[in-house]
Amino acid sequence: QGDAVQSGGIGRETDEALADAREKVLSVIESGDMPQSENGFESLLVEGSGCNIEKVEERAITLSQLARVYRYIQNHCSKDEWHCRIIGAVTPEKANLYHTNEHVILKATKERQCAFVEFVARSAQVPRWFVSHWWGEPVID
């Protein structure tokens with residue numbers, strides 16, 4: 001029953017796990033323990049990154065990979081003047097997956113023509129959770 005949907009929201013254990021995951025992502029972001037890149041996507045990578053993952057269901061993104069994406073957004077959206085016809089200048093707090101797809105994912109994966117997770121992962125990554133989301137929500141949420 002721990003993952004059961006309750007009236008008014010998701011199950012308590014699931015809600016707590018998602019809150020814990022968000023805290024872990026924020027912790028990695030705030031630690032500054034990520035390589036910095038002036039003009040490329042190197043800050044999204046760790047040693048040995050880049051692989052082919054045949055099964056789509058094994059293309060989960062990890063918390064540390066997600067944190068690297070958000071760190072990239074923090075470092076680049078204002079500096080590179082990301083702009084959106086709806087909200088104007090994009091800030092790290094307002095950057096959503098539409099912005100991230102345009103300015104990060106498509107550009108980072110263009111050369112290899114691969115899934116983003118194949119760009120940042122070392123091998124297949126089997127998910128423990130599936131989280132559905134709307135692309136218009138801020139990435140940090």
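**Close-up views of the predicted model**

Figure 1. Glu81 sits in the loop that joins helix 2 to strand 1 (83-84); helices (H or I, at least four residues) and strands (E, at least two) are DSSP runs, numbered from the N terminus. This is a predicted model, in which local features need pLDDT of at least 70, side-chain atom pairs count only at pLDDT 80 or more, and totals for chains, interfaces and linings use all residues. Residues are numbered from 1 along each chain as its sequence is written, and side-chain values use heavy atoms, with hydrogens and water left out. The phi angle of Glu81 is near 55°, a positive value in a residue that is not glycine. Glu81 has a relative accessibility of 66% and therefore counts as exposed (buried means under 20% relative accessible area, exposed over 50%, and partly exposed in between, with a 1.4 Å probe and protein chains only).

**Figure 2. Gln113, with a positive phi angle.** Although Gln113 is not a glycine, its phi is positive, at about 50°. Gln113 belongs to the loop between helix 3 (97-109) and helix 4. Its relative accessible area is 65%, so Gln113 is exposed.

**Figure 3. The whole chain and its order of elements.** The protein contains four helices and two strands, and these follow the pattern α-α-β-β-α-α when read along the sequence. Of its 141 residues, 35% count as buried. Contacts (heavy atoms within 4.5 Å) with a separation of 6 or more are made, in 68% of cases, by residues 24 or more positions apart. The protein exposes about 9500 Å², of which carbon and sulfur atoms supply 50%; accessible areas come from the Shrake-Rupley method with a 1.4 Å probe, and for residues only the protein chains shown count as cover.

**Figure 4. Helix 2, its span and its buried residues.** Helix 2 (residues 63-76) has 14 residues, which should span 20 Å at 1.5 Å a residue, and its end C-alpha atoms are 20 Å apart, in agreement with this value. The expected span of a helix is 1.5 Å times one less than its number of residues. The buried residues of helix 2 include Gln65, Ala67, Arg68, Val69 and Tyr70. Further along helix 2, Arg71, Tyr72, Ile73 and His76 are buried as well.

**Figure 5. The salt bridge between Glu118 and Arg59.** The count in this model comes to one salt bridge, defined as a side-chain nitrogen of Lys or Arg within 4 Å of a carboxyl oxygen of Asp or Glu. Glu118 forms a salt bridge with Arg59, and the closest N and O atoms are 3.7 Å apart. This pair links distant parts of the chain, with Glu118 in helix 4 and Arg59 in the loop between helix 1 (12-31) and helix 2, 59 residues apart. Glu118 has a relative accessible area of 7% and is therefore buried. Arg59, at 27% relative accessibility, counts as partly exposed.

**Figure 6. Arg122 and its contacts from elsewhere in the sequence.** Arg122 lies in the segment after helix 4 and, at 53% relative accessibility, counts as exposed. Neighbours within four places in sequence aside, Arg122 is in contact with Val46, Glu47, Gly48, Ser49 and Cys51. The C-alpha atoms of Arg122 and Val46 are separated by 8.5 Å, while the two residues are 76 residues apart along the chain.

**Figure 7. Pro127 beside Glu57 and Ala60.** Pro127 is also placed in the segment after helix 4. With neighbours within four places in sequence left aside, Pro127 is in contact with Glu57 and Ala60. Between the C-alpha atoms of Pro127 and Ile61, which are 66 residues apart along the chain, the separation is 7.8 Å. Pro127 has a relative accessibility of 38% and so counts as partly exposed.

**Figure 8. A nonpolar surface patch.** Tyr98, Trp134 and Trp135 make a nonpolar surface patch of about 380 Å². Patches are made of residues with over 30% relative accessible area and no salt bridge; like charges are joined within 9 Å, and nonpolar side chains (Val, Leu, Ile, Met, Phe, Trp, Tyr) within 5 Å. Trp134 is located in the segment after helix 4. With a relative accessible area of 54%, Trp134 is exposed.

**Figure 9. Confidence along the chain.** The protein averages a pLDDT of 81, and 73% of the residues score at least 70; pLDDT is the predictor's confidence in each residue, from 0 to 100. Over residues 1-10 the pLDDT stays under 50, and the model has 12 contacts for this stretch beyond four places in sequence. Residues 33-39 also have a pLDDT below 50, with 17 contacts in the model beyond near neighbours in sequence.
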